[in-house]
Amino acid sequence: MILRCSACARVAADGTLLCAACGDLLAFELDTAAFDPARVRALLAQRRVSNDHRDRSGVWRFRELLPPVPEAAIVTLREGDLPLYAARTGAAYAGVDRLSYLHQGMNPTASFKDCGMTVAVSNAHARGARVAVCASTGNTSASMAAYAARAGMHAVVLVPATGISESKVAQTLDYGATVLAIDGDFDAALAAVRTLDPTRVAVVNSINPYRIEGQKTAAFVLLEARDWRVPDWIVLPGGNLGNTSALGKGFREALALGLIDRLPRLAVVQAAGAAPFARAFASGRELEPVVAKTTATAIKIGAPASWKKALHEVRVSNGTALAVDDDAIADARAVIGRDGIGCEPASAASLAGLRVLAASGAIPRDADVVAVLTGHVLKDPQYVAQYHASGAARANPIVRVRDDAELMARIDAFVDSPVPAGR
Ligand code: F0G
């Protein structure tokens, strides 16, 4: 695989993070002509019944399509083999007939970051790195901490001192990482990380092209689970925009490999207070950074690093980008819970965005849609508990009972009442 600048296409040295000529982000280029689609499919089918630890990973199962990493250096926690769930309640809420969730929160550390992290940390391990570093709103840090612990590397994370989920920080600490809390937001933390020398420490934010390679496999897993039937739309939340870049790349490669015959359209949804990409997409101008503000703390990002790559993917797929406000995200998140699934706030931007796109007709009712859920419901229990105590439309507050008689009466009342529709 060749590493090139994503902007000027100049070939770059492996192990660097930015183009030496123009300073833009790097990307791997896969020689898709080297593969026969029938053989790829057959190999993948064969691997589904294999016990090789690489085949049990929904990332390393696609290893021929990834930058090479020596087998002995691979650090895997069986990430990436993600469920696609039918989303009945969500479909009715959004106003489409066919909706499923690709739940990336069902990863080992409960977010999509694991798919990229297994590749970035394995590569760092292969090159003998001793220290892994990232900036994070909480999920990248938890993921990096877990994989660095498995690899035997120091893990150092930079996080905003306030305004991120306590659970994510707790998870990061539990895996043994050193947490450096800064007086500043994610954008400030990432700016600090970008000044580090990548030959001294492994920088594993999504500016690292190995992260993108791992995350692109979610597109393959999704297509494989659908027997290579291409959805019409993929709707996903956008923050730093690594995941949009990665999924778009995955679908483009699947097309170039002959595994599919068209691209799904990508719809990127941002929180209204952190929507520089949606704004740039609408205006057709350069992205202008903002000071981000949203209760969906995972996507509280004002200067997304991968915006150019993501814009390319959205345009190539004939997709779109939009913003939804925090109340719409909160409402959609509660709806996702009612399907017995759940997700963290940022993830629900996908369903909230789909609802807007379906209402305007941009996504027709009969479209075949996949919404990407990026993180697990337990990633932000404080948010969830507050929502259910809040009196919001879909809140489900705790019922305080005073005595045994009330307890029994409340249970009895359910016995004769109609049950909710099954999923
Ligand atoms: N959803 C969740 C749950 C996230 O944690 C993130 C990003 C996103 C969506 C946005 O993805 O940045 O690829 O566009 N979280 C990063 C972190 C910033 O540090 O955990 P993106």
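This report covers the ligand site and the aromatic pairs of a predicted model.

Local features need pLDDT of at least 70, side-chain atom pairs count only at pLDDT 80 or more, and totals for chains, interfaces and linings use all residues. Residues are numbered from 1 along each chain as its sequence is written, and side-chain values use heavy atoms, with hydrogens and water left out.

**Ligand site**

The ligand sits in the largest cavity. Around the ligand are 21 residues (a heavy atom within 4 Å). The closest are S136, T137, N240, L241 and T374. Two elements, α4 (139–151) and α8 (242–256), each give two or more residues to this shell. By class, the shell holds eight nonpolar, eleven polar and two charged residues; Gly counts as polar.

| Residue | Protein atom | Ligand atom | Distance |
|---|---|---|---|
| N139 | side-chain N or O | oxygen | 2.8 Å |
| G239 | backbone N or O | oxygen | 2.7 Å |
| T374 | polar side-chain atom | nitrogen | 2.7 Å |

The protein covers 99% of the 470 Å² of accessible area that the ligand has on its own (Shrake-Rupley method, 1.4 Å probe).

**Aromatic pairs**

The whole structure has two aromatic pairs (ring centres within 6.5 Å). One of them joins F28 and Y210. Their ring centres are 4.9 Å apart and their planes stand at 70°, so the pair is edge-to-face (planes over 60 degrees apart). F28 belongs to strand β2 (residues 26–29) and Y210 to helix α7 (residues 209–225), so the pair ties together parts 182 residues apart in sequence.

How values were computed
Polar contact = N/O pair within 3.5 Å; in protein donor to acceptor, adjacent residues only side chain to side chain. 1 Å grid on protein atoms, 1.4 Å probe; cavity = no way out; pocket = protein on both sides within 12 Å on 5 of 7 lines; lining within 4 Å. Sits in = over half its atoms within 2 Å of the grid points. Helix = DSSP H or I, 4+ residues; strand = E, 2+ residues; numbered from the N terminus. Phe/Tyr/Trp six-rings, centres within 6.5 Å; stacked < 30°, edge-to-face > 60°.
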